[in-house]
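Hello,

Here is the structure I promised to pass on to you. Have a look at it first, and then read my notes below.

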Amino acid sequence: MRLDRVWWGLIWGFVCAALMCACGPTVGDACENSAACGTGLMCDLSTTADGYCTRSPCRAGECPEEAVCVDFGTEASWCMRRCDGGEGCREGLSCVSPAAMASGTACLGKAEGCKFCAVKP
């Protein structure tokens, strides 16, 4: 009986730890500073009033799973949150394709049908 409680306690502890790790900041989340974005991400305050967790510079395949590396044609590349149509972007951002942005913007890597969350120009 006591051993069952120990096992359930361990299992429950692992489940809780896994859930806490899964709820961390991701690319595209709002932020006030880079500490709010977690390890490996920074807070870009230049495009939105409430910030954008991202990574820069990036290359194809270097962004987290929820993101795509976007080259904005200004020798600057940023991990941007992937989206599908109008789904997946937080309030204040739009799901856009590279064609909707400034000339020279391109998704790097698996670029076909690429859309990402950004402030619409």
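Let's start with a question: are Cys63 and Cys79 buried or exposed? Cys63 is buried, and Cys79 is buried too. Please keep in mind that this is a predicted model.

These two cysteines are also bonded to each other: a disulfide joins Cys63 to Cys79, with an S to S distance of 2.1 Å. The link is left-handed, with -90° about the S-S bond. Cys63 sits in the loop between β2 and β3 while Cys79 is in strand β4, so the pair links distant parts of the chain, 16 residues apart. In case the term is new to you, a disulfide is a covalent bond between the sulfur atoms of two cysteines.

A search of the whole structure finds seven disulfides. Another one of them connects Cys31 and Cys43, whose sulfur atoms are 2.1 Å apart. This link is right-handed, with 90° about the S-S bond. Because Cys31 lies in the loop between α1 (2–22) and β1 (42–44) and Cys43 in strand β1, the pair ties together parts that are 12 residues apart in sequence. Both of these cysteines, Cys31 and Cys43, are buried.

Now for the core. The largest nonpolar core holds 25 residues, and Val70, Met80 and Phe116 have the most contacts inside it. Two or more residues each come from β2 (52–54), β3 (67–71), β4 (77–81) and β7 (116–118). The biggest contribution is that of β3, with four residues.

Enjoy exploring!

Best wishes

How values were computed: Residues numbered from 1 in each chain as written. Predicted model: local features only at pLDDT ≥ 70, side-chain atom pairs only at ≥ 80, totals over all residues. Heavy atoms only, no water. Core = buried A, V, L, I, M, F, W, Y, C linked by side-chain atoms within 4.5 Å. Buried < 20%, exposed > 50% of the residue type's maximum accessible area, 1.4 Å probe, protein only. Disulfide = S-S within 2.5 Å.
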